[in-house]
Structure formats: C-alpha cells, structure tokens
Amino acid sequence: MIIILDAEASDAQIEAVQSKLSSMGMETHISKGIQRTVIGAIGDERKLDKEALEVLPMVDQVIRVMKPYKIVARESHHADTVIDISGVPLGGNQVQVIGGPCSVETQEQMDHSAADVAAAGCRLMRGGAFKPRTSPYSFQGVGVKGLEMFRQAANRHNLPIVTELMDVRMLDTFLEHKVDVIQIGTRNMQNFDLLKEVGRQCQTPVILKRGMSATISEWLMSAEYIAAGGNHNIIFCERGVRSFETAYRNMLDVTAIAMLKKETHLPVIVDPSHAGGKAWMVPALARSALAAGADGLLIESHPRPAEAWCDADQALSAEQLKGLMDELRGIARVLGRDL
Ligand code: PEP
Ligand code: MN
C-alpha cells in the first residue's frame with residue numbers, strides 16, 4: 001500500500017502515520033520529496049482498512065497495490081484450474097456444454113430433456129427446481145420434488161446435474177440429493193451469507209453467475225467469499241449485464257471473458273440464453289463466447305420450447321441444440337480444443 005502525504009506534513013504527523021501502520025502489522029519505508037512524502041507500507045494489505053489511514057491528518061491519498069482477492073487470483077496460482085464435476089473436467093482443453101431446461105417441470109419433460117441433452121453430446125445437464133422470478137405470481141419452480149425428478153432423469157444418461165440454490169436453508173437438501181453443481185444465480189451473486197455457507201459446508205462445484213450490474217472486481221470478490229470458506233471449486237458464468245439497450249434481454253459482455261481469464265485461474269463459462277433472451281440469438285453468442293476463450297457454455301433447451309413453463313423464448317429445441325453442438329465442435333477444433 002502507498003500512502004501519500006501533503007508536503008506540509010510535519011515529522012510528528014509522518015510518525016503518526018507510521019505508528020498507525022506498524023500497529024496494523026505493516027513495515028514502512030519513507031521517501032521524502034519536495035512536493036510530497038510517500039510512505040510505502042509492506043505486508044499483507046488485504047486486511048487493512050484504507051479509511052483508517054485516509055482520516056489521519058495530512059494524508060492525501062492511500063493507494064492499494066495488491067489485488068483485493070487472493071485465492072481466486074491468477075497471481076496466486078498461475079496454471080488454469082480444472083474442476084472435476086463427478087468425472088467431467090471443466091476448465092481444461094475440453095469445452096463443456098451444459099444443456100437443459102430453464103426449469104424442472106414434470107418427470108416426462110425431464111426424461112425427454114435428458115435424452116435430448118445426451119444425444120446432442122452435452123456431458124452435463126441444467127434445470128432449476130427453485131426459480132428466482134421477478135414476479136411473486138409467476139411459476140416459482142416445483143421445489144424439492146424437482147430435484148428428485150432431475151436426479152432420476154439425469155442418472156439414466158450419466159449426466160451430472162447443475163441446479164440453482166437460492167436459499168441457504170436448502171443447502172442440506174441439495175447435498176442430500178447429491179447435486180453435482182450448485183448454481184448461484186445472478187440475483188444472489190452478492191448474497192454473502194449464502195456464499196459463505198456454500199464455501200464452508202461443501203466442496204461441491206459452484207457456478208457463480210455474474211450479478212446483473214456487477215463489476216469484474218465485485219464478481220471476483222464474491223468468488224473469494226466462497227473460496228475463503230474452503231471450497232475452491234468455483235466456475236464463473238457470464239450471462240449478460242444490464243445495459244441501456246432494450247432490443248435484447250441482456251448485453252453479453254465478451255470482454256469479461258478475456259478479463260477473467262487473465263485475472264483468475266478458475267474456469268469461465270458463458271450463458272448465451274439469458275444474455276440474448278431469444279433462441280435465434282443463442283448460436284451467434286455461443287460462437288463468440290468460445291472464440292473469446294470460454295471454457296464452457298450453459299444453454300437452455302426444452303423438448304417443446306413453446307410450452308416451456310419459464311423462458312420459452314430462449315429455449316432451443318432438441319434439433320437446434322444438436323445442430324449447435326455440431327457447429328461448436330468445429331469451432332473448438334479450430335481453437336485447438338475439443339468439445
Ligand atoms: C437460470 O440460469 O436459470 C437463471 C435464472 O439465470 P440468471 O441467474 O443468469 O438470471
Ligand atoms: Mn432461464
């Protein structure tokens with residue numbers, strides 16, 4: 001950390017800053033110039049309260065030099081982390097596509113979906129039993145029995161399941177149902193108590209979706225909450241951010257993929273379905289995500305898209321999912337990856 005003091009700072013005021021820093025466990029290095037006095041504070045600055053220094057007399061500026069996140073940062077672990085999802089690797093050379101419906105509806109719909117997802121070549125399946133809906137009057141998900149239907153359908157095709165956890169009180173139920181990947185949705189990216197428990201109570205891989213208007217730094221800090229609890233199996237998912245544009249659901253932030261791959265060693269996937277919000281847009285966004293370096297995709301599909309209980313507009317049919325997978329396989333090959 002660098003502390004810049006006004007040129008008028010007296011020796012006593014400089015010493016006051018130094019003793020504050022040493023009480024915080026930091027070593028100091030002073031450099032006195034004509035215009036400014038600069039104090040370099042050496043030590044782990046992550047726990048330091050910047051404001052506690054900014055309030056001291058004659059302190060002009062306090063600048064952090066370390067990243068506020070630690071475990072998730074690439075500077076702490078250079079190689080890409082590959083997460084093992086019940087035998088399926090995510091984050092390595094093989095690109096993973098997670099297909100499946102927005103929500104679990106019926107056993108028949110899940111059986112049909114699982115067969116379609118497996119036939120398309122996806123190795124993981126998605127489906128929400130608990131749905132975060134804007135309106136309390138909309139369908140809220142079928143709940144716990146949805147986890148059972150999902151498990152039963154997916155097991156037949158050996159597909160690990162990805163499903164959203166909204167409430168910390170359901171964590172034990174998710175663990176009892178052996179959910180393979182816990183999804184933390186956009187609306188809960190900064191539900192810090194939920195993040196802490198998912199970090200503390202399990203090693204289950206977590207897909208952490210980006211908050212609707214979250215900065216990259218806020219997103220990384222949310223992941224750090226999970227990691228700090230002990231669960232390092234975290235996958236970032238870009239799903240579009242809220243913007244000024246109304247022509248589509250969200251703006252897919254392709255730039256975030258490149259940025260995250262630089263900042264973190266953890267896998268990054270993209271959800272083109274919730275970004276575009278329209279089925280016809282999904283292939284274009286999926287292609288761009290792979291080209292930008294995404295390690296995987298989360299794509300909504302439904303046996304009868306028009307009849308989907310949730311997000312019908314953006315669901316791919318079985319045929320569309322299969323066609324997209326074939327196309328993406330070619331793109332992955334060009335990129336030196338396999339799918
Ligand atoms: C979902 O994936 O089902 C979902 C609700 O997505 P998001 O949290 O990105 O809106
Ligand atoms: Mn959805």
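**Entry 1: Arg287 and its partner**

I started with Arg287, which comes out as partly exposed at 30% relative accessibility. This is a predicted model, so I keep in mind that I am reading computed values. Which residue does Arg287 meet in a salt bridge? I found Glu327 there, with 2.7 Å from N to O. Glu327 is partly exposed too, at a relative accessible area of 34%. I then looked up where the two sit: Arg287 belongs to helix H10 (residues 282–291) and Glu327 to helix H11 (residues 318–334). The pair links distant parts of the chain, 40 residues apart.

Next I noted a network: Asp44, Arg46, Lys70 and Glu75 are joined into one by salt bridges that share partners.

A reminder to myself: side chains of opposite charge can pair when their charged atoms come close.

**Entry 2: Counting, and a pair between strands**

How many salt bridges are there by this rule? I wrote down 27. One that I looked up joins Asp60 and Arg36, whose closest N and O atoms are 3.0 Å apart. Asp60 is in strand S4 (residues 59–63) and Arg36 is in strand S3 (residues 36–42), so this pair ties together parts 24 residues apart in sequence.

**Entry 3: A pair of neighbours in number**

I moved on to Lys262 and Glu263, whose side chains meet in a salt bridge at 3.3 Å, N to O. Is Lys262 buried or exposed? Lys262 counts as exposed, because its relative accessibility is 54% and the cut-off for exposed is over 50%. Glu263, at 6%, counts as buried, because buried means under 20%.

**Entry 4: The manganese ion**

Last, I turned to ligand 2, the manganese ion. Which residues coordinate the manganese ion (ligand 2)? I listed Cys102 through SG, His274 through NE2, Glu300 through OE and Asp311 through OD, at 2.0 to 2.4 Å. Written as a spacing in sequence, these donor residues read C-x171-H-x25-E-x10-D. Cys102 and His274 link distant parts of the chain, 172 residues apart. I found Cys102 in the loop between strand S7 (96–100) and helix H3 (107–120), and His274 in helix H9 (residues 272–276).

Cys102 is buried, with a relative accessible area of 4%. His274 counts as buried as well, at 9% relative accessibility.

Terms used. Residues numbered from 1 in each chain as written. Chains lettered and ligands numbered in written order. Predicted model: local features only at pLDDT ≥ 70, side-chain atom pairs only at ≥ 80, totals over all residues. Heavy atoms only, no water. Donors = N, O, S within 2.8 Å, 3.2 Å for Na, K, Ca; no water. Helix = DSSP H or I, 4+ residues; strand = E, 2+ residues; numbered from the N terminus. Buried < 20%, exposed > 50% of the residue type's maximum accessible area, 1.4 Å probe, protein only. Salt bridge = Lys/Arg side-chain N within 4 Å of Asp/Glu carboxyl O.
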